[in-house]
Amino acid sequence: MKILQIKKSLEFQKIGKKGEKFYSKTLILLTLPTPVIYFQDLKKDKKAKDFCRIGYTVSKTVGNAVIRNQAKRRLREAFRTLFQHCKNHFDYVIIARKEIAASDLKKISSDL
């Protein structure tokens with residue numbers, strides 16, 4: 001399975017409005033099935049392989065730039081270790097909470 005990134009603001013907003021939400025102490029996880037447009041390669045007229053899409057959000061309330069970047073790196077690593085358990089053709093958005101700054105990778109992985 002392949003991990004693709006969500007980068008467009010409109011996609012983050014759509015997942016935020018329509019997605020299913022899961023709350024924990026360090027993060028919020030939003031999930032939504034991937035739109036049909038991503039299932040096929042229009043140039044080659046073939047179906048896309050198995051994939052899931054992921055987006056990370058860390059706001060300024062978490063801390064300064066150094067802490068936000070550290071939180072993003074920890075989120076990426078936690079998802080990378082657990083992504084075998086994610087469903088095919090689903091979009092995931094992970095929103096970091098303020099408590100993530102004081103948490104270690106083990107705590108983030110267990111929350112995820």
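This is a predicted model: local features need pLDDT of at least 70, side-chain atom pairs count only at pLDDT 80 or more; totals for chains, interfaces and linings use all residues.

Author: Start with one word. A residue is buried at under 20% relative accessible area, exposed at over 50%, and partly exposed in between, using a 1.4 Å probe and protein chains only. Arg53 is buried, and Glu11 is buried too. Hold on to that pair.

First, the ground rules. Numbering starts from 1 along each chain as its sequence is written, and side-chain values use heavy atoms, without hydrogens and water.

Strand β2 has the highest mean confidence, 93. Strand β5 (residues 46-47) has the lowest, with a mean of 52.

Now the layout. The protein has 3 helices and 7 strands. In order from the N terminus, they read β-α-β-β-β-β-β-α-β-α. Of the 112 residues, 36% are buried.

Back to the charges. Side chains of opposite charge can pair when their charged atoms come close. A salt bridge here is a side-chain nitrogen of Lys or Arg within 4 Å of a carboxyl oxygen of Asp or Glu. That rule gives 4 salt bridges.

Take Arg53 and Glu11. Their closest N and O atoms are 3.3 Å apart, and they form a salt bridge. The two sit in distant parts of the chain, 42 residues apart. Arg53 belongs to strand β6 (residues 51-57), and Glu11 to helix α1 (residues 9-18).

Arg53 has another partner. Its side chain also meets that of Asp91 in a salt bridge, at 2.8 Å from N to O. This pair again links distant parts of the chain: Asp91 is in strand β7 (residues 90-96), 38 residues from Arg53 in β6.

How covered are Asp91 and Arg53? Asp91 counts as buried because its relative accessible area is 1%. Arg53 counts as buried because its value is 4%.

Compare a pair in a helix. Lys107 and Asp111 meet in a salt bridge at 3.3 Å, N to O. Both belong to helix α3 (residues 105-111). They are 4 residues apart there, so about one helical turn separates them. Lys107 is partly exposed, because its relative accessible area is 33%.

β6 and β7 pair in the parallel sense, over 5 bridges. Two strands pair if DSSP finds at least two bridges between them. β7 is mostly covered, with 5 of its 7 residues buried.

β7 has a further neighbour. It runs antiparallel to β3, and 7 bridges join the two. In one of these, Pro33 is partnered by Phe90 of β7.

Lys21 has Leu30 of β3 as its bridge partner. The join between β2 and β3 is a hairpin of 3 residues.

Now the loops beside these elements. Gly19 lies between α1, the helix of Glu11, and β2. Gly19 is buried, because its relative accessible area is 11%. Its C-alpha atom is 5.6 Å from that of Leu30, which is 11 residues away along the chain.

Asn88 lies in the loop between α2 (65-82) and β7. It is partly exposed, because its relative accessible area is 34%. Asp50 is 38 residues from Asn88 in sequence, yet their C-alpha atoms are 5.8 Å apart.

Begin at Glu11 in α1, cross to Arg53 in β6, then go on to Asp91 in β7.

Conventions:
pLDDT is the predictor's confidence in each residue, from 0 to 100.
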